[in-house]
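Good morning, everyone, and thank you for making the time. Please have a look at the structure on the screen, and then I will take you through it.

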Amino acid sequence: MFVARSIAADHKDLIHDVSFDFHGRRMATCSSDQSVKVWDKSESGDWHCTASWKTHSGSVWRVTWAHPEFGQVLASCSFDRTAAVWEEIVGESNDKLRGQSHWVKRTTLVDSRTSVTDVKFAPKHMGLMLATCSADGIVRIYEAPDVMNLSQWSLQHEISCKLSCSCISWNPSSSRAHSPMIAVGSDDSSPNAMAKVQIFEYNENTRKYAKAETLMTVTDPVHDIAFAPNLGRSFHILAIATKDVRIFTLKPVRKELTSSGGPTKFEIHIVAQFDNHNSQVWRVSWNITGTVLASSGDDGCVRLWKANYMDNWKCTGILKGNGSPVSGSSQQGNSNPSLGSNTPNLQHSLNGSSAGRKHS
Amino acid sequence: MEEMHQAAIAAKDASSSRQLSSQVSILSAMELIWNLCEILFIEVAPAGPLLLHLLDWVRLHICEVDSLLADVLGSENPSKHESFWKLVTILVLQGRLDEARQMLSKEADANPTSAGMCRILGDLMRTMPVLSPGNTQTLTELELKWQHWHEECERHLQDSTFASSPHLESLCKIMLGDEAALLEQKEHLNNWYHFLVTRLLYSHPTVKPTDLHFYAQSSLDLFLGGESSPEPLDNILMAAFEFDIHQVIKECSIALSNWWFVAHLTDLLDHCKLLQSHNLYFGSNMREFLLLEYASGLFAHHSLWQLGVDYFDYCPELGRVSLELHIERIPLSTEWKALKVLRICEQRQMTEQVRSVCKILAMKAVRNNRLGSALSWSIRAKDAAFATLVSDRFLRDYCEHGCFSDLDLIDNLGPAMMLSDRLTFLGKYREFHRLYGEKRFVDASFLLLSLMTSQIAPRSFWMTLLTDALPLLEQKQVIFSAEQTYELMRCLEDLTSGRPLCGEPDTQQLQDDDIEATKVEMLRLALARNLARAIIKEGSLEGS
């Protein structure tokens, strides 16, 4: 059972991304109106806009939160070829009374020569680190060595993907058995560009990221990509938003069988492929335990996918963008109960470009 | 459930009344299903006792007869009560023949003409063979006796014994298990499973569990009579009568809107080792799967998440890691909530989660300039690096404002002081101030010196420490010994010689340098004077 709540966002143009913070009580939206808005959830469950400011000189494509261990920190990336890191300043008591908070820019990352299409913070066990990807096909990884000084970021790695990149995802697994890993998706439409998903893995010996795998079967433009949280599995699960929803498992092949020192080889299997959206799928997002995947598409619907105890994936819920129920969704009985409140566990965003609809 | 029922009746407006009523009916349905599962799967009642259990089941879930019974008995003339025959019929349908007989005797008393018939029917009721618990007769014996009794009832019917009373005649037909007669009582039976049980009571009392589903299916069909189709509840009960546990769980999952019922039922069945024996090789996987689903759902609630913790504890495979992932996400809106989360994590040795939660809170405190809070969270997280950072802030604050905030905390650090060097220094430095305040100058001086010589004082702080030494140097009595004074002088020289000169000093820096230079001068003077006095004191004989 789902409850839909509409929020009048007041952005003056298309909203491209929505991101919840770690605890699900704060939300950031970004738009082609070049601004970012931060929303806070009150005790009664209402969302209030507590900050709204111009962040870039072009459309802002994505916005993302850092782990709260680093404080209240946001990163945004834009068509204006930059990515920026923002920190919330504890305001004057006047501001607090009015329910407003103040965000300051800590740094601007200007290395890209083209539109920066995605920015994501690395898992917290790697320190304060983020990755950006650009239309020029380069993934850049930055680190802030002093977490108390957010103005100092250094470019640690530049990974060339040879294809225009559209999205990235860090593998959240903190297991010592897994090296840091990042998946990159491409929406490159040139005829030479075939396989659109690449996986890069950090090598302790060379201290560099090297390509570990390419998903050869994904040949259509990829709009979003997301590693699932790891419940102690030895293998990884990756969801891809392309012309349909696809879920892959990547099982590391035992190291002794591969040449030592090289990147891990993976057995790749596709465990699910759903074209129910019947149109381009723009976003995929996992819940906390990596057991439910949410996808959104050009059909204006959000679909939820879940595996049963036999590891068969099925659709367990359909939500219309305007909050109305979809007929024939008898699977609603199986979906995660909301107990009357919004489930902040599910993070997803509607594609801003579909019907130019303001996020409601 | 009783309360909800009362609330539903007392509800002020129609919609809340409807909602409460629907909740009541859902709970009743769950109870119904649960009890049936207990009888069929857990008790595993064999033929004979099976029927008795089913009778109890029916009687338990249809309670209106008791109030009606009280009503009728309490009236002036029970047998003239408008609901008298309704009551008797219901009693017979439920197999409560003793009470039915009592009712008939009241009728016999009130109405002499029918007394004879009442007596006969009453005798039939009394003599119906039932399997009573503890009875040693075998099933075959029971069947035989029952057959005889059945034939006797049949004879009475053929002889038109009850012809003059349609009520009594219909009762007799019911007791013969006549389907048509039973179906006439649809209104009193209310549902097909009551019909099933009554039918079994009066036609196949020794029904075997394996045959149950035949009768169940035909009862359902007869009762619905093609007018309506089975509801989800009917499907669930039917699956139970077919002993298809998996189907029961599946149907319940579909029909109910949350996992509570299914999770608990599956858990119970798993504990009774029933899931394996029913060929569900993934049985305990399914139990854990459902429990995880239910617990995850609880975590979405602002206070029920605490129950979810216990459920995760009982999931051997994925419970711990699921709990780790969920508990990190609980919003730490109040200190109380944070402490609860920490206690839960500490009890389960989830050290990483403890560290993370404390770090989040410490960071929040630092940003809000609540240094004491930040320090206590860092200590709890055993985060030496952050403790150092916060201690530095404290010291910086002291330099700027000349006093400490959060004295209580620093005074009572205890062994936690050892977490980081900077923290130890902070604690000891505060102790120095305390000693000075208590005028225990000698102790204070020893402490001050040890702080400087033991290297735990950060270099940036040495000037402040030396400046703190000034009042001690200027006291009337000599506090620092010659030896100690030499140490202090050495530290001062160390400090002044070690300071690098940076590029082009601007006016502010020049001013600062001026102040620094003056301080150094004062210190040198004070140290020299103290040295002189100390040498004299130490060189003199006592008392002179």
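Let me begin with a term: pLDDT is the predictor's confidence in each residue, on a scale from 0 to 100. What you see is a predicted model, and in chain B the pLDDT averages 84, with 93% of the residues scoring at least 70. For the model as a whole, the scores are ipTM 0.86 and pTM 0.82.

Staying with chain B for a moment, the domain assignment divides it into domain 1 (63-189), domain 2 (257-330), domain 3 (334-422) and domain 4, which is made up of 439-497 + 508-543. If you take the centres over C-alpha atoms, domain 1 of chain B and domain 4 of chain B lie 110 Å apart.

Now to the interface. How many residues does the contact take from each chain? Chain A gives 36 residues and chain B gives 39 residues, and between them the two chains bury about 3400 Å², of which 61% is on carbon and sulfur atoms. On the chain A side, A:Glu69, A:Met148 and A:Tyr309 together supply 22% of the area that chain A buries against chain B, which is more than any other three residues.

By class, the side of chain A that touches chain B has 14 nonpolar, 15 polar and seven charged residues. Five salt bridges are found across this interface, and one that you can look up joins the side chains of A:Lys124 and B:Glu352, at 3.1 Å from N to O.

Key
Residues are numbered from 1 along each chain as its sequence is written. Chains are lettered from A and ligands numbered from 1 in the order in which they are written. This is a predicted model: local features need pLDDT of at least 70, side-chain atom pairs count only at pLDDT 80 or more; totals for chains, interfaces and linings use all residues. Side-chain values use heavy atoms; hydrogens and water are left out. Contact means heavy atoms within 4.5 Å. Buried area is the accessible area (1.4 Å probe) that two parts lose on being put together, summed over both. A salt bridge is a side-chain nitrogen of Lys or Arg within 4 Å of a carboxyl oxygen of Asp or Glu. Ala, Val, Leu, Ile, Met, Phe, Trp, Tyr, Cys and Pro count as nonpolar, Asp, Glu, Lys and Arg as charged, and the others, Gly among them, as polar. Domain bounds come from an automatic or database domain assignment.
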